[in-house]
Amino acid sequence: MVQLQNLTVSFTGRELYRNVDLFVAADSRIGLVGPNGSGKSTLFRLIRRDLEPDQGTIDIRRDLKIGWLPQTGVVFKDRTVLAEAMSAFKEVEQIDRELAQLEQKLQQGSHGSELLDRYAHLQQERNHAGYAHEAQARKVLAELGFTDEDCSKPTGWSSGGFQVRIALAKLLLEEPDLLLLDEPTNYLDIKAIAWLQEYLQGFRGAYVLITHDRYLLDACVERIWSIERPTVAVYKGNYSSYSNAREERLVQLEKAAQEQQKEIEKAERFIEQFRARKDTAKRVKSRQKALDRMERIVMPEKRKRMRFRFPEAATIYGQVVALEQVGHRFTDRAVLSGVSLIVAAGDRIGLFGANGEGKTTLLRIMSGDLSPSVGLVRQSEKLQIAFYRQGAEELLDPALEVIDEARKEAEGYTLLELRSILGAFLFSGDDIYKPVSVLSGGEKTRLALLKVLLRPSNLLLLDEPTNHLDIDSREVLEEAISDYRNTVIFAAHDRFMIDRLANKTVAVRSGRADVFPGNYTYATSAGKPIVEPVPARKPKPPEPAPQALAPRARPTKAVPRKPASELKDETALLQSRIRELEEKVRTLDTEFQDAKRSFDFARARELWAVRQALLDEIIALRNQV
Ligand SMILES: Nc1ncnc2c1ncn2[C@@H]1O[C@H](COP(=O)(O)OP(=O)(O)OP(=O)(O)O)[C@@H](O)[C@H]1O
Ligand SMILES: [Mg+2]
């Protein structure tokens, strides 16, 4: 169906691939992998004939229907979700167009019976197709998580995950012969990814799937195109067999390259030695010829890794942020209600929940970006937030050059310093003068991340920061988060990431935010949510109303005053409670060590979670003393 031959592509002097041959058959299931910026999306542009190669040919079957999900830039606005999805049915649009033309003619006074017949026929067909298609569209939308109510809403309200889902729904309704999916799982929650996996397994045509999701690749592909600059190597099998085969291939290649190098050196020595002599001239010449003809083995370019840390501001002790009975609604949707949550210093909180449940809203409220419709947000006075917003890579200015985009946040940095930071994020040499518009998805994410960490912080908020990042870069980011000593709150769909980094998790669902004193596995298996220790108050003293309702940012220090004697009693009580809890922690510590020594990790994890919860309670109590 598609045949790429002898392809060479380079941008501003940097070669992406050279002499590449690839083909797609009618039922190919291909996974396209390679590090950020290696040219995956570019390959799709070539197949879509949106870009001409510097060299080589691209043959595509004439009537081939290609469906493409772009990596970024999916934004629907005007129509309802259902109408947008149904616009995938091109023949309906065709009928509508013809109907409109006929109507015009009829209005202009032509009343031939032929015209009328045609009109009636088309209308019938339109109704028929309309019903069938609507049913089909609703089905696909429902499977992708849209409720009936969602279907009749304008597409504009939905963000992130839902926009991608609408695009995906349209694409699937078009039933193309060849699907080109450019990182479809970014922004998708676990359920939607599972659905996509099943869909692809049953798909009749061919597809090429770009994703950094190893599990999806293992389940859905039978062939891997691996960009290993300057070639694209093709491996049979799924991701696991590819990664074994690739390692083997690299070892062999390395060996062959070493042997070749020895041979070259030997030949060169010979030539050097005997060049001047007449009697060996012929042999020297033939050796030289062989040397020139020899096809040199090129090792795939070594992958570079990002390196960075999040710079930290002075540590805050005690409460960092507290939400009390927070609720929020957008014009037509209630997202959160009655959320109470205390973030204590040193917490590492992972937020999870399906698309559209309100993770982003919660993070924005905690950051002070968004004032909730009801409830109270307290932020520590010394708070310095670094916030990576969801889809930050889309908020960069496409017209600016990389260096100027970075400079926006880099007050006080010299050019040299900035260059070195950019280098750490793998923008080297002339890369820093590239306009943002040509950057690959991963490159944009790297730039957006860099902007976040130019200023020191003591609270790190990250909303799906790994989207578009390749596996290496994800690891580096995870290390940087794990090295950060202050407080971190992050939203992610990647359960492995949550398990690795979080010691507390918050499940955001049905408007609630349940806090679990453990990681994702804990929260979704044995986990019981903790009821946040909202400071136990006596019957509420009548607080001045306007302040109590103030939507945000009252420093935690501002505690309502009480008479001195009452305070003293309460303090003594709190202190004895704290001592009690501390004793418990000590006992737990011994039990924890024992459990670890006997390799009972399940028990150890459980104890650890309890211990963590106790510590939180202690911190909360100390704040009240
Ligand atoms: N018009 C252009 N001018 C200069 N460089 C370009 C242009 N278009 C793309 N590039 C560069 O080509 C490289 C490949 O880009 P591409 O988008 O294909 O990468 P990718 O493999 O899809 O990466 P990612 O995993 O980050 O999405 C990138 O370094 C990108 O900056
Ligand atoms: Mg890409």
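A residue is near a molecule or strand if its C-beta atom, placed from the backbone, lies within 6 Å of that molecule or strand. With this in mind, let us turn to ligand 1: the shell around this ligand has 21 residues, and Phe 11, Ser 41, Thr 42, Ser 440 and Gly 442 come nearest.

Before I continue, a word on the model and its labels. This is a predicted model, in which local features need pLDDT of at least 70 and side-chain atom pairs count only at pLDDT 80 or more, while totals for chains, interfaces and linings use all residues. Residues are numbered from 1 along each chain as its sequence is written, and chains are lettered from A and ligands numbered from 1 in the order in which they are written.

Let me stay with the ligand. By class, its shell holds four nonpolar, 13 polar and four charged residues. Here Ala, Val, Leu, Ile, Met, Phe, Trp, Tyr, Cys and Pro count as nonpolar, Asp, Glu, Lys and Arg as charged, and the others, Gly among them, as polar. At least two residues of the shell come from helix 1 (40–47), and at least two from helix 14 (441–452). Helices (H or I, at least four residues) and strands (E, at least two) are DSSP runs, numbered from the N terminus.

Now the protein as a whole. It has 20 helices and 18 strands, and its C-alpha atoms fill a box of roughly 110 × 95 × 50 Å along the principal axes. Of its 625 residues, 35% are buried. A residue is buried if 20 or more other C-beta atoms lie within 10 Å of its own, exposed if 12 or fewer, and partly exposed in between, with C-beta atoms placed from the backbone.

Is helix 1 largely enclosed or open? Six of its eight residues are buried, so helix 1 is largely enclosed by the rest of the structure. The buried ones are Lys 40, Ser 41, Leu 43, Phe 44, Leu 46 and Ile 47.

After helix 1 comes Arg 49, in the loop between helix 1 and strand 4 (55–60). Most residues other than glycine have a negative phi. Arg 49, however, has a positive phi, near 60 degrees. With 10 other C-beta atoms within 10 Å, Arg 49 is exposed.

Glu 464 also has a positive phi, near 45 degrees. This residue lies in the loop between strand 15 (459–463) and helix 15 (471–483), and Glu 464 is buried, with 25 other C-beta atoms within 10 Å.

A further loop, between strand 8 (223–228) and strand 9 (231–236), holds Pro 230. The peptide bond from Arg 229 to Pro 230 is cis, with omega near 10 degrees.

Finally, consider a pair of helices. The axes of helix 3 (residues 90–107) and helix 4 (residues 113–143) come within 10 Å and cross at roughly 150 degrees. Axes are lines fitted to C-alpha atoms, for helices over the stretch in contact, and angles run from 0 to 180 degrees between N-to-C directions. How are the two helices oriented to each other? Helix 3 and helix 4 are therefore roughly antiparallel, a term for angles over 145 degrees.

Technical notes
Parallel < 35°, antiparallel > 145°, perpendicular 65-115°, else oblique.
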